[in-house]
There are 4 protein chains.
Amino acid sequence: MLVVMRHGATADQVQRVVAIIEEMGYEARPMPGKQRTSVGLVGNDGRVDGSRIASLPGVQEILHVTKPYKQVSREWKGEATVVPFGDGLRLGAQEVVVMAGPCSVENEHQILAAARAVHEAGATVLRAGAYKPRTSPYSFQGLGEPGLRLLDRARRETGLAIVTEAIDAESLDAVAEVADIVQIGARNMQNFSLLRKAGRLGKPVLLKRGLSATIQELLLSAEYILAEGNPHVILCERGVRSYDSATRNMFDLSAIPLVHQLSHLPIIADPSHATGQRDMVIPMARAAVAAGADGLLVEVHANPDHALSDGAQSLFPRQFATLMEETRSIARAIGREIAEPAVARR
Amino acid sequence: MLVVMRHGATADQVQRVVAIIEEMGYEARPMPGKQRTSVGLVGNDGRVDGSRIASLPGVQEILHVTKPYKQVSREWKGEATVVPFGDGLRLGAQEVVVMAGPCSVENEHQILAAARAVHEAGATVLRAGAYKPRTSPYSFQGLGEPGLRLLDRARRETGLAIVTEAIDAESLDAVAEVADIVQIGARNMQNFSLLRKAGRLGKPVLLKRGLSATIQELLLSAEYILAEGNPHVILCERGVRSYDSATRNMFDLSAIPLVHQLSHLPIIADPSHATGQRDMVIPMARAAVAAGADGLLVEVHANPDHALSDGAQSLFPRQFATLMEETRSIARAIGREIAEPAVARR
Amino acid sequence: MLVVMRHGATADQVQRVVAIIEEMGYEARPMPGKQRTSVGLVGNDGRVDGSRIASLPGVQEILHVTKPYKQVSREWKGEATVVPFGDGLRLGAQEVVVMAGPCSVENEHQILAAARAVHEAGATVLRAGAYKPRTSPYSFQGLGEPGLRLLDRARRETGLAIVTEAIDAESLDAVAEVADIVQIGARNMQNFSLLRKAGRLGKPVLLKRGLSATIQELLLSAEYILAEGNPHVILCERGVRSYDSATRNMFDLSAIPLVHQLSHLPIIADPSHATGQRDMVIPMARAAVAAGADGLLVEVHANPDHALSDGAQSLFPRQFATLMEETRSIARAIGREIAEPAVARR
Amino acid sequence: MLVVMRHGATADQVQRVVAIIEEMGYEARPMPGKQRTSVGLVGNDGRVDGSRIASLPGVQEILHVTKPYKQVSREWKGEATVVPFGDGLRLGAQEVVVMAGPCSVENEHQILAAARAVHEAGATVLRAGAYKPRTSPYSFQGLGEPGLRLLDRARRETGLAIVTEAIDAESLDAVAEVADIVQIGARNMQNFSLLRKAGRLGKPVLLKRGLSATIQELLLSAEYILAEGNPHVILCERGVRSYDSATRNMFDLSAIPLVHQLSHLPIIADPSHATGQRDMVIPMARAAVAAGADGLLVEVHANPDHALSDGAQSLFPRQFATLMEETRSIARAIGREIAEPAVARR
């Protein structure tokens, strides 16, 4: 439920609405806007009688949010959320942000080579996992904290912002210290304890869609993060499970216009995990941008044939440069542009 | 199995290869090329001993086609197939062909209004069903032959080529007399008798992917048509069944680069059936063209709110004009263009 | 819409209801019952004003059928349909009918060996395909009419009833001459022309669920057959497509109680196609009977390792004998029994 | 890799094999058996050269485990694992264990009423959630620790063993203090940190299949628990996501014989979550037992219409009594029986 105040409502009037909502046993969230202030009633509002609030001084109207998710919905907040991160970067605005790098941090040489390559081609964010959630206990599980230090080193050298995954409560703290954007992976999309903890971070969160999550479930998981007070959530379509083994997953690009319709949160796309095949990454990156994606997450490895994980879907640096060129053309065709690295912006 | 003849092999040498293949109990298909002639051995060639053929005069090499489909594969034919249709039009070449119109032919006024609207916006092909395969026996099943006559009339008036669906052996003959391209719908993708009959038509066939068909199954169904001697098949991605009811189907755009990799046949995309929602058709049409689609199939109705079927996913004429403009920009961004109507070409 | 007549309503009163329905442009279907007669209004009844009928003499009440399918629904007909077939057999009653045999008729020796084996173990129906719908045009497509003659011969020798598949309009006529039950396969579940033609046969129809059909779609396809006047439809759950390749299909046994809840039609289960693995057929056959299946369709081959199709999922005769024993125990545990061959019944 | 020692191999010989494996950088796991001892080499053994070990004294043969999972496979351990729990109970042996109770612990009256009802009908384990993972942050999230204390109270009163879910690292410790079996829910099946921690508990773990997990992924998740030293894992089929919304999930009963084929771990089935409909729970419980399930997990509520969660799928106590009777008949039909409560056993 959203209480919209009149233009010119006083701080006292807003405060009184907050007090009444709290008295009724709910949490109130005042949201000052350019034209007027709204007060959101957080929680399952199915049985709230709004008439008591509607008659308070300064209240213009009561909006019922019809979706099971509240704060992430377009009904709750009409304008698109722009997520600020790193050194003056932002996601969700006119420019499309490209995040690229290897699946995992393997060693200093590898991550620095990858960072330089993606920076040179024009990416603004470096992606690479220090903690890897792996289906088998016997697969490479990531370098852990030493991997985070190598990411930090790559940032200092190239100026790239860092996005990397946290896989549990412990790694979340470590990751949040280093990363500019904290990633919650597909397998943890409904790890509600982790989502709640991510909602108490001061860092933006990149939330990947679960292996066979509906869009409604994705938005409800984002709601867990917003409900704890962190408004900076970036959603990510990375393909879902299907019956056809021809590609690793089925890339559900319709999720992009659908999320933009239902929510104010930005959404990016990961063509590497979605297709699992190097040769399909470029056309599907173009398609994602054409569909309206606010960013891309792409696997690039300086030497894919020797990657410890996901080699077959990693681009060679030269292919990534082609991807950047082609997506720049597509972005321009729809009136957007690809975000440029800090150096170029000066 | 493909027998590649030497450059300069004589017609007699080719004929001898054909004779030996037929003697072995298989069908032979000679394919003259610019540089050299190949002879395809059609059928399940798992147990054919190629050595007898390899030693014939004029034979350069024997290629084993590793896929279960043969004649539709890139291994069999390297260059993209360009399908000629209508009055000097073609599909599978540099230009992207837009086919648009209402779900069903309802009456003369409706189909002519739609035809004029899509022609004016720049489409080159009119789509509309005279025969409708419906899940319920009590739903509107199409006008049948009178509908075909109305389509013919719309063609004479606007110059648009016609694509319309055949649903069984009877309607196939009637449709083939009127249509420039005969459509086989998703529910009939594995109606093998109908595919065989479509393979004996002299008209191009638009084959839609089944509701949960794999890409391999789609290609094998196309193989049924080619195996009967009709090389002019256009594939169509129209979304597949998924667990998420947020969209009507899941639009599997990865099918486009995948089909281009595995096959020489052209593939188009149908964002209307895929999404089922008018508001998502334009972004997904852009995405399809960016992914490399050779054409689009779009539902447009002059008055969607009164459509007898699929109204919710049909564009208003004004929205279709926007779709044409935006996909033109995308096509140019990847070095293609949208095919223009005959009138404009003069 | 169902018009329930009063107990003791006269034939004239019933006739008047029929006349009014037809005057309104719909088809009327009188259904005499033990207690009273009902008259069904066939077709999309969304806009029918029932008040005119409700006030006719002899009419007790008007029932609106809330499902999109009408005549197949439990609302339309409360008692389970029992399908009579062959020489005094029936399906849908207390006894569970086992249909068994090879995937395809291959030759006289093979089909007679299989027929004797399944008859000896206690099956009452022989299954085997003379016409095979195959994904690839190069796979064995069945013997056709000579296969039907071999089935006829097997029936005369063993007394088994015959169920075999029709794949198109042509084969339907040929099959209906020989078969006791005509099978419509999964790939043809939405071949509506074929369904209509099957609705005009005087033979029971076994309708298999499509590869990823919903239960509602299965029931609507059955409705096509009933709407043409053939009330003897047997549904069949044979597994649906899923993301897990560990089994050939996903066996959706919940379909059995669900169909019994929604419809009066009987439903059988095919554990062979569902699992694709010989070792899983017996436990899943037990499970199907425990869930309430009215019959089983099982692949048995006298020599599975040399079968031309589906060898890996065919039981050896000895395994089939075990299946019969174990399903007899399960049937007894729920108060049913396995139907016995005619010979045994004498 | 599994090193099988000769019958009569000495402890020294076994120790030497262990030492060599550890020298090679792997973990060794000696497993004394009735006839002979085996030593498992734990980890990704793709590149291990077995010849060095094969030539050691006392070694009979080297078995390569061909599956990605090792310790959970039938190749690793041939006999079925029997999990001891509670006061002399066991799961995985001849008797089928029924676990029943409400979705959540709501209050003292509710949980005691449910416990008495299921005990009376013959269940041996009480199920109920104190911690509930919920898709929406605004749904009832469980009573937490007070709920655990109520479960403890219900156990003391009825003698039922307790199975209840842990949702994160914190709740795992609390749950393990009270529960006889610790449940890891479907949404946490790939929460690898939680699985590892569960592998270091001294309590049996009930691991539910993820919403769209493959059987291989389920087994790999169990491998995480065994790899930490906890051999007592019970798997649970609870339905997977499908395209048909007619039931809540698709109940994949083929998982039962498949798991028994691939693994030595026991597997139970949850017909309540699988179907989501009260009326389908009994037939599907029968089917699960017929398919070979080692146990059942069933939702029962003394007053389903007032349940705080999952009311529509909870049985009334009277229905549960019917379920017990009918599954007893099925169990007997396949030579098993339903485990009886401690009281009855005395």
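Here are some friendly notes on the predicted model shown above, going from one whole chain to the interfaces and then to single residues.

1. **Ground rules.** Residues are numbered from 1 along each chain as its sequence is written, while chains are lettered from A and ligands numbered from 1 in the order in which they are written. Because this is a predicted model, local features need pLDDT of at least 70 and side-chain atom pairs count only at pLDDT 80 or more, whereas totals for chains, interfaces and linings use all residues; side-chain values use heavy atoms, with hydrogens and water left out.

2. **Overall build of chain A.** Chain A contains 12 helices and 15 strands; helices (H or I, at least four residues) and strands (E, at least two) are DSSP runs numbered from the N terminus. Its radius of gyration is 21 Å, close to the 20 Å that the globule rule gives for 346 residues, so chain A is as compact as a globular protein of that length. Here the radius is taken over C-alpha atoms, and the rule is 2.2 Å times the number of residues to the power 0.38. Along the principal axes, the C-alpha atoms of chain A fill a box of roughly 65 × 45 × 45 Å.

3. Of its 346 residues, 65% count as buried. Buried means under 20% relative accessible area, exposed means over 50%, and partly exposed is in between (1.4 Å probe, protein chains only). If we take contacts between residues at least 6 apart in sequence, 69% of them join residues at least 24 apart, a contact being heavy atoms within 4.5 Å. Chain A exposes about 12,300 Å², with carbon and sulfur atoms supplying 47% of that area; accessible areas come from the Shrake-Rupley method with a 1.4 Å probe, and for residues only the protein chains shown count as cover.

4. **Chains B and C.** In this pairing, 31 residues of chain B are in contact with 31 residues of chain C. The two chains bury about 2,600 Å² between them, 50% of it on carbon and sulfur atoms. Buried area is the accessible area (1.4 Å probe) that two parts lose on being put together, summed over both.

5. **Chains D and C.** Here 34 residues of chain D are in contact with 34 residues of chain C. The area buried between chain D and chain C is about 2,600 Å², and carbon and sulfur atoms give 65% of it. On the chain D side, Tyr243(D), Met250(D) and Ser254(D) lose the most area to chain C, together 20% of what that side buries.

6. **Ala176(B).** You will find this residue in helix α5 (residues 169-178) of chain B. Ala176(B) counts as buried because its relative accessibility is 13%. Beyond its neighbours within four places in sequence, Ala176(B) is in contact with Val182(B), Leu201(B) and Lys203(B).

7. Asp310(C) is not a glycine, yet has a positive phi of about 60°. Asp310(D) likewise has a positive phi of about 60° without being a glycine. Most residues other than glycine have a negative phi. In chain C, Asp310(C) is found in the loop between β14 (295-299) and α11 (317-333); in chain D, Asp310(D) is in the loop between β14 (295-299) and α11 (317-333).

8. **Val65(C).** This residue lies in the loop between β4 (59-63) and β5 (83-85) of chain C. With a relative accessible area of 7%, Val65(C) is buried. Leaving aside neighbours within four places in sequence, Val65(C) is in contact with Met1(C), Lys70(C), Ser73(C), Glu75(C) and Trp76(C).

9. **Arg16(C).** Helix α1 (residues 11-23) of chain C holds this residue. At 47% relative accessibility, Arg16(C) counts as partly exposed. Not counting residues up to four places away in sequence, Arg16(C) touches Leu56(C) and Pro57(C).
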